[in-house]
Every structure is written in C-alpha cells, then in structure tokens.
Amino acid sequence: MAGLATSFGSGAMTNSIADINEAACVLAIGTNTTQAHPIIGMNLRSAVKKGKTKLIVANPLEIGLVRDAEIWLRHRAGTDVVLLMGLMKVIVDEGLADEKFIRERGENFDAFKDSLRHYPLDLVEKVTGVPGAKVVAAARLYATSHPAAILYTMGITQHTHGTDNVMAIANLAMLTGNIGKPGSGVNPLRGQNNVQGACDMGALPNVYSGYQSVADPRVKEKFETAWGAALNPTPGKTLTEIMPLAHEGKIKAIYLMGENPSLSDPDASHVREAMQRLDFFVVQDIFLSETARLADVVLPAASFAEKDGTFTNTERRVQRVRKAIEPVGDSRPDWWITCQIAKRMGAKGFDFESPAQIMAEIARLTPSYGGISFDRLEKESLQWPCPTPEHPGTAILHTELFSRGKGHFVALDYKPPAELPDAEYPLVLTTDRSLFHYHTGTMTRKVKGLNLFRKEELVAINPGDAAGLGIADGEMVRVVSRRGRVTAKARLTEASPPGTIAMTFHFAESPTNELTNPAFDPVAKTPELKVAAVRVEKAERAAVATG
Amino acid sequence: MSDITLTINGREVKANRGMTVLEAAQAADIYIPTLCHYPDLEPYGGCRLCLVEIEKMRGLPTACTTPAADGMVVTTGSAAIDSVRHASLELILTTHPCDCLECHRRHRCGPYDVCLRHVAVTDRCVTCPANEDCELQQVVDYVGVHKLRIPRDTRPREIDASNPFFTIDRNRCILCARCVRACQEITCIGTIDMSYRGYAMKVSTFGDLPLIETDCGSCGECMVRCPVGAMFPKDIIRPEREVRTVCTYCGVGCSMYLGVKDGKITGVRGVREGPVNHGRLCVKGRFGIAEFVNHPDRLTTPLIRKNGRFEEASWEEALDLVVARLGKYRGDEVAVISSAKSTNEDNYVMQKLARAVLGTNNVDHCARL
C-alpha cells in the first residue's frame with residue numbers, strides 16, 4: 001500500500017472486480033487468485049475463455065492460472081523489479097508507451113526513463129531466468145492491448161523490496177496509460193474479508209480512519225475535539241516491529257483481537273516467545289487459537305454470523321454484515337467488548353449502543369466514508385470514496401487526477417532478497433495458499449470436509465531436487481532454515497521450479513512461519529515471507545499428527 | 001432500454017435486443033417450460049421443452065436458442081407443441097424415478113409423511129432431496145404427464161458420494177447438462193462433462209474418477225443449478241429463515257444468505273443480486289461456514305489464567321481484570337492488535353481505544369501477512 005501511496009497518492013485497488021471482464025489483457029503477477037480469491041479467479045478464467053481477455057501470468061510457481069495464460073513468465077522468486085523494469089524497457093524502446101498520458105498525468109518520467117538503461121534484455125534474462133523473447137512478447141501484449149489491468153497480491157508485497165515492486169507495477173500501468181479507465185488499473189487483491197476495512201478504519205500505526213495522518217496537526221486537532229482526549233502525534237509501531245519490541249521487554253502489554261500471530265507471523269517461534277514475555281496479554285477471539293493459549297485473559301467474541309456491522313471488500317465496497325443468530329454461549333460482539341473496556345477505564349465517547357451509531361461517527365470523521373450510513377447500506381453497497389449522503393460511490397479511482405495530483409514515475413534499483421540460498425541452505429522457500437483453507441486455519445480446520453481435501457502441510461518440491469535428496473513423493477521431510485525446523489510431507493511436483501519449494505501456513509502441526517524471514521521492507525514494514533533460504537532433509541520418522 | 005416489440009400469445013411484449021424468445025417471455029411473466037435453461041448459462045437447447053411456434057419460421061424452434069426479433073409473433077402452446085413437448089418429457093421421465101411425479105397424493109403429503117399406499121417406503125417421493133423444490137415436478141404439472149407410454153429404464157446408475165459436501169446421484173439425472181455447463185462456463189474448470197453415448201450417456205469426470213480424486217474445487221456451482229435431485233448437499237436442513245450477509249473468508253466480499261433454524265446456521269446460499277459474486281460462492285463460503293460457527297470448540301465464556309491454567313470467569317471479573325492490568329500501561333509500553341477479520345465498527349473502536357484511552361499509536365493488524 002505504501003508503494004501505491006508514493007506513485008498515486010492512495011493505496012487501494014484502483015478499479016473494480018467487475019472491471020476485469022472488460023480488460024483486453026490482464027497481467028497477474030504474484031497472485032494465485034484461483035486459490036486465494038476464488039470468485040475473482042472465476043471471473044478471470046471466464047473472461048479468458050470468452051476470448052476477450054489475454055492473460056499473462058508472472059509467477060515462479062506453476063499456479064492454476066498458468067493453463068489459462070497466453071504467456072507465463074516464470075521468473076525467480078524476488079526478481080520482480082528486474083522483470084517489470086525489463087518489460088518497461090521493451091515498451092519504451094519499441095515506442096509502445098502512451099506518450100500523451102505520460103505528458104499529461106505523469107511526473108519524473110525522464111529520470112525513470114533514464115534508469116531503464118540498467119535493465120537490458122540479457123541482464124533481465126540472466127537475473128529472472130525468463131527467456132528474453134518471452135519478456136518481449138509479454139511487453140508487446142500488455143502494451144498493445146487496451147485496456148490492460150494488473151492484478152497482484154502478496155507475491156509482490158511480501159519482500160524486503162515490496163514497495164519497489166509495487167512502484168514498478170504503478171510505473172508499468174502509467175507508462176501504458178492504463179489508469180482511470182474501465183478494465184485497466186493497478187489492482188492489489190486484498191486477502192482477508194476486511195483487511196481493506198481494517199486499514200480504512202485506522203487500525204494502522206500512522207493514520208486515523210480514512211488514512212488521515214496522526215502526524216498532521218490539523219487532523220490531530222480534529223480528532224482531539226471529536227474524541228475529547230489528548231492524542232499522540234508520533235506514529236506507532238507496526239505488527240512486525242511490535243513483536244520484537246515485546247521480545248525486548250519494551251512493549252509490556254498487548255490487547256489483541258481476532259488474529260493469530262503464532263502461526264501467521266514470520267519467525268513464529270520468536271513471536272511466541274515475545275508474547276510469552278508480556279506482563280499482560282489479552283486475546284479476544286472466537287476460538288482458543290494458538291495465540292489465545294498464551295494469553296492472561298481470553299475474551300470470547302461473537303462470530304460474523306452473530307453480529308451486525310460492515311466489511312469493506314478488496315474493491316473498496318462497504319457491505320452490510322447482518323446478525324443471523326444470537327452469539328453462542330456468553331460471547332459478545334468485538335465492538336461491545338472494546339467499548340466496555342474503554343468505559344470501565346473511565347473513557348468518554350464509547351457509549352455506542354449499536355454498530356450503526358459507530359458508523360455514524362466514522363462517517364462524521366472520515367471524508368471517504370462521509371456518505372455511508374446503515375440506512376443507505378440497507379438498500380445498496382457503496383465503494384469509497386463516498387463523501388456525501390448523495391454520492392453514489394466510486395468504482396474507478398484516479399479517472400482525471402491522481403490522489404496526489406500527478407502520477408509519480410519512480411526510478412528503481414534491483415535489490416535482491418535479504419536471504420539468498422547458499423551451500424548450507426540451498427533452496428528458496430516461498431509461501432502460498434490452498435483453496436480449501438484460510439490463513440492459519442482457525443476456522444477451516446474445524447470443517448471436516450475441508451480437511452478431507454487437504455488435511456496437512458505439503459512441501460511442494462521439484463522432482464529433480466527431490467531426487468538429489470533421495471526424497472520420494474509423500475515421504476516426511478524436515479525443512480530447516482536459520483530460524484527453525486518444520487516437519488511435513490513432501491509433494492513432488494513440477495509446479496515448483498528447481499531450487500524453490502512452496503508451503504502454506506494453514507497447519508499448526510507444521511508451522512511454516514517458524515522458517516520464514518522477519519526481515520521487512522523499510523517503508524511498508526511487510527516481511528519477506530516469499531523468500532527464505534532453507535534446506536530439506538529426510539525426516540527419520542513421521543513427527544506430524546495428521547487429520 | 002426496451003428496444004424491440006414482439007407478440008407472444010397475442011400479447012404485445014417489450015424486450016431488449018439480444019434477448020432470446022425465452023428471456024423475452026420470462027421478462028413478461030409468460031411461462032414456457034424448460035429444464036436445461038439457466039439464467040447465467042449459455043443457451044443450450046437440450047431438453048426440447050421450450051418449443052414454440054413462430055410465424056414465418058418452419059418447425060418448432062426452441063425458445064431458449066432463438067433470438068427475439070422485432071415484430072416476431074410467437075405462440076407458446078398448441079396441439080402440435082403439446083404433442084412434441086409431451087413426448088420429450090416422457091423420454092426424460094423414462095430415466096428418472098417417477099413416483100413423486102405420478103402420485104395423486106403428492107400435493108397433500110408433508111415432507112415427512114410416510115407413503116404406504118403407492119410405493120415402497122424406500123422409494124417414496126419424500127426421500128428425494130429436491131422434493132417440493134423440483135423443477136421437473138413443476139414442468140410435469142404444467143405439461144400434464146400422468147402416465148408413461150414408454151417402459152421405464154430402471155437400470156441402477158452410479159452414485160458418486162466421494163465429495164464430502166455434495167452427492168451426485170445419477171439415478172435422478174435428466175442429462176440437462178446444467179452442471180456440466182456451470183463447471184465449464186462459470187468456474188471454467190471443466191471437471192465434469194457429458195460422456196458416453198445414447199442410453200449410456202452420463203455426467204462424469206475425466207477417466208470416470210470419483211469427484212474427490214479430480215481437480216474439482218468443490219465450489220458446488222454445479223449442484224445449485226441442478227433442476228432435480230441428482231446433485232444435492234449432504235447436509236440438508238430446511239432453514240426457518242434466511243439472513244443476507246457477507247462472507248467472512250477472503251477479500252472478495254461475496255453476498256450470501258445464512259440459513260437459520262433453532263438458533264444455528266443450517267447452510268449458505270449465494271445471493272444472485274450480490275454485486276460482486278452474482279450468486280456464486282467457493283467451497284469455503286458455501287460449505288465452510290456453518291460447521292465452524294456451530295463448532296463445540298467455540299469460546300463461550302471469558303477465561304482467566306490462574307496458576308498457569310485457564311479458569312472460566314464472568315464478564316465482570318474478566319473485564320475488571322483487563323481494566324486493572326491493561327490500564328496500567330500507556331503510550332510506548334502498550335500495543336493494540338486489531339483484526340482484518342472483524343467489522344469496520346470493531347476496528348474503529350479498537351483504534352479509538354488505543355489512541356484516545358491508552359495514548360498509543362501502536363495499533364496494527366495483519367495487513368502485511
């Protein structure tokens with residue numbers, strides 16, 4: 001999101017899901033969307049099948065979409081900047097750039113154009129492993145198809161240079177004028193049901209709701225007046241910084257709602273240690289998760305089926321969540337619990353009787369949500385920005401101006417991943433997702449049928465690599481990194497390129513994130529979950545309970 | 001919007017260019033029987049029930065495959081149509097268990113009545129999962145087939161129960177191919193197809209493997225389009241009411257109805273008007289919700305750690321402890337971790353608590369993970 005903020009001035013999907021059907025070309029880079037966003041995957045596949053849309057897939061893994069793709073760029077994990085800059089060099093050299101768009105809507109183009117000389121085709125081929133002819137073909141296809149859309153997810157962001165990756169994508173879209181039109185755009189597909197909403201609401205260390213900076217004195221004053229409290233103008237710490245600070249004893253207490261860092265965060269055993277060192281740890285969840293087990297107090301929360309509220313989806317669409325059943329047992333909606341704690345601490349401004357009242361305050365203080373109310377959401381769903389009660393919402397961003405005015409072209413240098421394979425750890429581990437499970441499996445592992453499809457972690461390893469290690473399909477292996485070791489079953493598959501293995505993190509029995517690298521992007525603070533150096537060895541005996 | 005006018009059964013009907021005759025009739029609330037047509041699938045013309053007469057056209061064209069045109073004059077029922085339609089329907093019925101269609105008591109039977117008069121208990125109409133919800137029943141009622149003139153083909157056909165969420169019972173299949181087309185046109189995977197010829201024709205997977213052994217993603221889009229009871233969910237509980245909400249899994253934001261009975265979630269149904277999904281759902285959304293919401297491991301009471309073990313506590317006790325202990329920390333010493341799974345309202349009050357009460361901007365969630 002930080003990358004898009006630099007290039008465009010706001011970080012969110014520029015277009016809408018329905019738009020994909022209108023694209024003449026889609027570049028899907030670093031996203032396994034048929035697994036992670038199945039309905040978007042269906043849209044994409046059906047657009048390709050109807051013959052209206054040509055698909056370019058860029059992914060080191062042979063994901064499901066590869067069979068639908070016109071061109072598959074199988075670049076090495078972590079070389080996205082080189083691949084993208086290589087594509088752009090071809091586009092500029094062949095005169096395929098949209099000069100009018102660049103002139104009217106872009107800035108800093110000359111410096112950017114000059115930086116492209118560092119990416120000649122032979123270097124691109126050498127670094128990414130993608131044949132030059134394929135890079136040229138992909139560049140031509142993307143640049144000559146109008147409109148063209150880019151989809152990406154964590155395969156782009158979860159790198160120590162994730163922000164660079166995102167800015168490279170923004171460069172590519174601007175270079176070809178693919179911004180602000182139906183079927184075009186830069187579209188980060190958000191993974192969780194309300195990750196967009198959590199960001200929009202200011203569950204981030206540097207902004208209040210609607211991305212209003214905590215450091216801006218005018219914003220601070222506005223919220224101080226509204227909330228009747230003195231506020232701190234210094235941005236706080238991100239999750240990836242909070243855990244190490246807890247480990248050092250600098251952060252002493254954490255109140256955590258509905259997350260499971262024990263499995264989801266990189267270098268997970270270090271994270272668990274950090275949480276154990278806290279003086280006081282409150283966890284609010286619907287299940288006694290691996291994280292909740294470490295808490296001093298566990299507060300039972302109502303599930304989405306038991307409460308009213310709103311979720312904001314990946315295309316900025318705010319939709320109503322409705323209570324279908326009473327909260328189970330003595331559980332309570334999250335907002336109610338949080339308000340109780342605040343009120344009992346003597347705070348004012350938490351006397352909400354319903355989520356509708358909370359939304360009214362959000363709308364009052366958040367320009368992009370200004371026109372959103374439960375009354376309107378009863379009849380429709382609204383895509384922000386929606387500043388007034390009469391505003392119909394916004395399907396496509398940046399149609400005339402970027403949020404920051406002009407679109408900023410960024411000259412980029414290639415930075416390799418923080419950890420590269422070496423003699424001791426010769427393989428690259430990259431993380432992916434299974435269609436049948438969700439994040440740390442807190443919910444999906446409770447569903448018997450889903451476990452029938454996928455009941456355990458599988459280490460996807462190229463048959464060539466496996467043969468060298470004497471590993472057979474289905475055999476238990478131990479994956480070892482500088483941070484930990486995890487045992488799981490090997491699955492021999494050409495979907496993993498030689499030298500790269502892939503694992504999910506859905507299974508508590510094989511906590512993949514004990515292996516991953518917590519090194520993070522300096523701007524976005526996103527950890528490098530997509531590249532860690534590991535080695536794979538035979539496990540003497542099955543140490544993993546399955547089922 | 002309406003840009004063409006046609007006459008159906010003597011009535012002037014407005015329609016949009018690009019509509020088929022069937023769609024034009026449906027838009028004007030004129031019923032034409034069909035079993036293979038489905039609104040979001042391409043026209044197929046397989047069941048031969050939507051036959052109509054159109055002036056200046058030869059024969060009996062199928063309404064579902066004929067584009068509506070300005071000035072068209074259409075008749076949906078006549079002796080010629082009825083005769084062919086009746087025969088087509090009889091052919092469909094020869095391979096479908098007909099007990100639920102022929103019995104004159106059917107309309108008076110409740111879903112759990114035991115029928116002892118006409119058919120064996122094991123084969124009674126109420127055993128069909130599509131009973132009272134069956135499009136074939138509707139069509140039979142409209143066309144009025146009471147007896148088959150052709151002997152029934154009663155050879156048993158294979159049942160594929162390998163998928164944990166739904167079953168294919170080919171004994172009830174009428175070969176309308178809606179499931180196959182859904183798999184090819186909606187999900188674009190093409191796990192199932194029509195295979196073999198003539199009487200042996202059936203819906204099957206590549207190599208006739210059980211569904212669980214294929215690339216099927218188990219979204220169930222095939223199942224929801226089945227007009228009869230040939231594809232049906234394994235857990236069928238009729239909800240007493242349905243509540244429209246949004247899925248809790250990924251960021252797509254699919255609209256869904258949660259079925260509710262006795263204070264529990266019975267199942268999930270896609271909302272056709274849903275702005276993002278248009279009725280479609282994936283395996284997690286369709287089949288992965290009721291079980292976790294209703295799961296016995298759900299936390300139902302606050303827990304407080306005492307001497308290394310969790311003990312159940314009242315809300316009063318738990319909240320007082322949180323306030324006493326958490327309230328001691330301010331600013332840099334404390335952090336709040338919010339949730340990408342919770343609602344906007346939950347997240348808003350959480351960051352407000354961090355900033356306005358605990359005096360810290362140390363608030364984040366797993367956006368980066």
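In the predicted model, about 680 Å² is buried between domain 2 of chain B and domain 3 of chain B, and carbon and sulfur atoms give 61% of this area. On the side of domain 2 of chain B, the three residues B:F165, B:C219 and B:E221 supply 56% of the area buried against domain 3 of chain B, more than any other three residues. The two domains belong to an assignment that divides chain B into domain 1 (4–91), domain 2 (155–234), domain 3 (241–293) and domain 4 (329–369). The C-alpha centres of domain 2 and domain 3 of chain B are 22 Å apart, and the contact takes 10 residues from domain 2 of chain B and seven residues from domain 3 of chain B.

Between the chains, 151 residues of chain A are in contact with 109 residues of chain B. The area buried between chain A and chain B is about 10,900 Å², to which carbon and sulfur atoms contribute 65%. Of the area that chain A buries against chain B, A:F304, A:R344 and A:M345 supply 7%, which is more than any other three residues.

Seven salt bridges are counted between chain A and chain B; in one of them, B:D215 is joined to A:R67, with the closest N and O atoms 3.8 Å apart. The interface of the two chains also holds 63 residue pairs in polar contact, both residues being at pLDDT 80 or more. Helix α16 (residues 334–344) of chain A gives the most to the side of chain A that touches chain B, with 10 residues, and the residues of this side comprise 83 nonpolar, 38 polar and 30 charged.

Strand pairing also links the two chains: strand β9 (residues 253–257) of chain A and strand β15 (residues 334–337) of chain B run parallel and are joined by four bridges. Within these strands, A:A253 stands opposite B:V334 in β15(B).

Definitions and conventions. Residues are numbered from 1 along each chain as its sequence is written. Chains are lettered from A and ligands numbered from 1 in the order in which they are written. This is a predicted model: local features need pLDDT of at least 70, side-chain atom pairs count only at pLDDT 80 or more; totals for chains, interfaces and linings use all residues. Side-chain values use heavy atoms; hydrogens and water are left out. Contact means heavy atoms within 4.5 Å. Buried area is the accessible area (1.4 Å probe) that two parts lose on being put together, summed over both. A salt bridge is a side-chain nitrogen of Lys or Arg within 4 Å of a carboxyl oxygen of Asp or Glu. A polar contact is a pair of N or O atoms within 3.5 Å; within protein, one must be able to donate a hydrogen and the other to accept it, and residues adjacent in sequence count only if both atoms are side-chain atoms. Ala, Val, Leu, Ile, Met, Phe, Trp, Tyr, Cys and Pro count as nonpolar, Asp, Glu, Lys and Arg as charged, and the others, Gly among them, as polar. Two strands pair if DSSP finds at least two bridges between them. Domain bounds come from an automatic or database domain assignment.
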